Amino acid sequence: MKAADWDERYSQADMVWGTPPNPVVVEFVTSLPAGRALDLACGEGRHALWLATRGWRTTGVDFSAVAIDKARKIAAPSPRAVRERLDYVVDDITTTAVLDEPSGFDLILLIFVHPAPAERTALVRRVIDALKPEGILMILGHDAINATDGVGGPPDHEILYTPDDLISDLNGRLDVTVAERRFRETPDGTAIDALLVARKPALGS
């Protein structure tokens, strides 16, 4: 989908994805020490805002100006300290200069982001470059088998992926902590997601 398509979708609902963070994100991020985080394809900012409330200095990037405008409005009532830790950028995640910031990131999220396979691989490799030593990459999205065995998700099977696909994208550059399928109950049935959590090796390791 193009940015204009997402603008239209975000314009038609109060909250497309809801306001609470994804439970899998909460599961893995809650125990991490706060640092510098990047939420790519952040949509209405639910994860970026949640991270900022937990002490993370967070940047959310999305190519939908409508989504970013909503994210800023949702964050506006937050305490000043939270708002000062939070930044939103309208940009294409596949080319954004945010990934080139020299300070790097302790955590990068790609939550239900589904570019074409070649674009995904190139993006993941840029993301790895943007991680600090010991930084965490988390990818969660619709698994390839969800198209036949699950519910919801994009109709284009080509842009779905498996945990093994995500491991392959890493090209051995990160240490894999978790790579597995997750089963998620929805009102329409069971959705099947692919999850990857991986850590960049420490300097000198």
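## Starting point: Asp-39

In which strand does Asp-39 lie? In this predicted model, Asp-39 belongs to strand S1, so let's begin with the residue and then look at the sheet around S1.

Asp-39 is buried, and no salt bridge is found for this residue. Arg-46 has the nearest side chain of opposite charge, and that side chain is 7.4 Å away; a salt bridge would need a side-chain nitrogen of Lys or Arg within 4 Å of a carboxyl oxygen. Leaving aside residues up to four places away in sequence, Asp-39 touches His-47, Ala-48, Thr-59, Gly-60, Val-61 and Leu-109.

## The sheet

Now for the sheet itself. Seven strands build an open sheet with mixed pairing, and their order across the sheet is S3-S2-S1-S4-S5-S7-S6. At the edges sit strand S3 (86-90) and strand S6 (175-186), each of which pairs on one side only. From one strand to the next, the twist averages 15°.

Two helices are worth a look here. Helix H6 (residues 117-130) packs on the sheet and touches strand S1 (36-40), S4 and S5. The direction of H6 makes about 150° with that of S5.

Helix H8 (residues 163-170) lies across S5, S6 and strand S7 (189-199). Relative to S7, H8 runs at about 25°.

Technical notes:
Residues numbered from 1 in each chain as written. Predicted model: local features only at pLDDT ≥ 70, side-chain atom pairs only at ≥ 80, totals over all residues. Heavy atoms only, no water. Pairing = 2+ DSSP bridges. Helix = DSSP H or I, 4+ residues; strand = E, 2+ residues; numbered from the N terminus. Axes fitted to C-alpha atoms, helices over the stretch in contact; angles between N-to-C directions. Contact = heavy atoms within 4.5 Å. Buried < 20%, exposed > 50% of the residue type's maximum accessible area, 1.4 Å probe, protein only. Lys, Arg positive; Asp, Glu negative; His and termini not counted.
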